[in-house]
Amino acid sequence: MTALAVRRTIGVRTATGLVVASMIGTGVYTTTGLLLGGGRSPLGVLAIWLVAGLLSLAGALSYAELAVLYPESGGEYALLGRIYHPGVGFVAGVVSLVAGFAAPIAVCGIAFARYTAAVVPGVPEVPLAVAVVLGVSLFHARYGRHGARAQDALTIGKLVLAALFITLGIASPHVDVSRLLTVPSEAGELGQGSFAYGVVLVSFAYTGWNAAIYVGGELERPQRTLPLALAIGTLSVTLLYLALNALFLVSAPLEELAVLEVAHVAAAHLFGPLAAQVLSLTIAFGLLSTIGAFVLTGSRVYEAFGRDHRALFILARHGARGTPALAFALQAALAVAMIVTSSFDILLGAVGVTLSVSSALTVLGLFIVRRRGASAGYRTPGHPITPLAFVALSAWTVVWSILEEPRVAIWGSLAIAVGAIGYVLVRRRNASPHPS
């Protein structure tokens with residue numbers, strides 16, 4: 001294996017596709033069912049999706065300035081290491097590897113298996129989930145640039161599916177707009193803690209709005225590509241999510257929609273059971289794009305770790321095809337372990353809370369770099385309101401979510417602790433004359 005120079009070959013289309021593909025996955029087809037199961041009203045559910053979308057857009061606009069200033073691969077690991085301290089960046093990198101990539105890859109693998117099982121009963125779900133994660137990881141590790149082209153094609157297919165579902169669904173005679181005004185009996189007991197925790201759960205569906213920064217070192221003209229990819233991708237997905245969920249909510253009675261397979265139930269009511277099976281299989285296939293996006297971007301964080309730390313140098317090694325093969329392998333192994341052991345709902349909350357803390361800390365860094373006089377050429381629209389709104393809303397959702405579900409704080413704290421311990425150990429190895 002040889003260390004190869006990184007080439008800037010990713011343009012606006014592929015970068016935007018990474019954002020879209022990373023965002024559109026399991027969350028939009030499952031989270032509304034969880035929200036309704038918690039007693040939230042249809043309008044309350046839509047409000048949660050809107051707030052989470054605006055939060056993601058504010059973060060994307062703020063991240064763009066930082067990523068243009070530091071156009072290198074690695075995401076929060078690279079940004080926080082430069083802004084604050086290498087130790088902060090290291091901890092954030094470990095958190096992103098666990099909560100931002102391995103966990104979503106695992107959840108998408110599980111969802112792929114469940115949607116497939118809805119069409120082909122009796123399929124062993126865990127082995128299938130493991131197989132798809134390993135298969136997608138191997139594909140990207142082996143085919144490199146061709147993997148990016150396949151990623152583009154799958155993303156386009158996913159968007160076509162969502163647009164077709166919305167267009168045909170609106171025309172269905174089974175749509176009942178009055179269902180949006182339904183108020184469950186439990187709704188009166190819900191407070192801001194429930195709303196905030198709902199935003200955190202939905203934030204999993206928006207995970208990936210910052211995907212383009214993880215391949216910043218491989219982007220063509222990053223000063224132009226990054227802002228466009230982050231803004232266009234995030235705004236497009238936000239509008240798509242609102243339309244999809246509005247259609248879900250008017251398609252069937254609330255008590256039937258309060259399940260994980262909310263898209264399957266909606267399709268069955270709108271188009272019939274056969275159409276529901278076709279949609280489930282298509283959603284499962286579309287999840288390959290989401291898994292691929294997380295696999296592609298997450299591997300670059302591992303690669304950045306190896307580039308910056310002698311003790312982990314092997315992670316930066318590229319194979320003959322120009323891809324970080326070992327990084328792909330380690331990421332896949334962690335995702336497989338989570339498929340076997342993770343709990344779906346708590347995992348969603350823990351991912352949302354942990355990444356919200358990391359993202360808020362990153363956006364705060366925008367004020368620090370500006371105070372230092374750094375100029376990226378791109379300026380965040382609406383500064384300072386845009387980044388301040390993101391930080392304030394993130395803090396509000398994190399605090400109330402922990403009060404609502406304390407277990408998510410325990411999971412997130414463990415990830416941070418592992419990162420801190422790892423930094424101390426790696427720093428000692430870096431200082432050793434012969435790291436192994």
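Which residues in α4 are buried?

1. The buried residues in α4 are E76, Y77, A78, L79, L80 and I83. This helix spans residues 76-83 and is mostly covered, with six of its eight residues buried. The model is predicted, and the points below should be read with that in mind.

2. On overall make-up, the chain contains 16 helices and zero strands. Of its 436 residues, 57% are buried.

3. On contact range, consider the contacts in the chain with a separation of 6 or more: residues 24 or more positions apart account for 82% of them.

4. Helix α6 covers residues 125-143 and helix α13 covers residues 325-341; the two pack at an angle of about 170 degrees, and their axes lie 10 Å apart. Angles over 145 degrees count as roughly antiparallel, and α6 and α13 are therefore roughly antiparallel to each other. The crossing in which α6 passes α13 is right-handed.

5. The contact between these helices is made on the α6 side by V126, A129, V130, V133, L134, S137, H140 and A141. On the α13 side, F328, A332, A335, V336 and I339 take part. By class, the residues of this contact of α6 with α13 comprise eleven nonpolar and two polar, with no charged residue.

Terms used. Residues are numbered from 1 along each chain as its sequence is written. This is a predicted model: local features need pLDDT of at least 70, side-chain atom pairs count only at pLDDT 80 or more; totals for chains, interfaces and linings use all residues. Side-chain values use heavy atoms; hydrogens and water are left out. Axes are lines fitted to C-alpha atoms, for helices over the stretch in contact, and angles run from 0 to 180 degrees between N-to-C directions. Helices (H or I, at least four residues) and strands (E, at least two) are DSSP runs, numbered from the N terminus. Angles under 35 degrees count as roughly parallel, over 145 as roughly antiparallel, 65 to 115 as roughly perpendicular and the rest as oblique. A crossing is left-handed if the near helix is turned anticlockwise from the far one by less than a right angle, and right-handed if clockwise. Contact means heavy atoms within 4.5 Å. Ala, Val, Leu, Ile, Met, Phe, Trp, Tyr, Cys and Pro count as nonpolar, Asp, Glu, Lys and Arg as charged, and the others, Gly among them, as polar. Buried means under 20% relative accessible area, exposed over 50%, partly exposed in between (1.4 Å probe, protein chains only).
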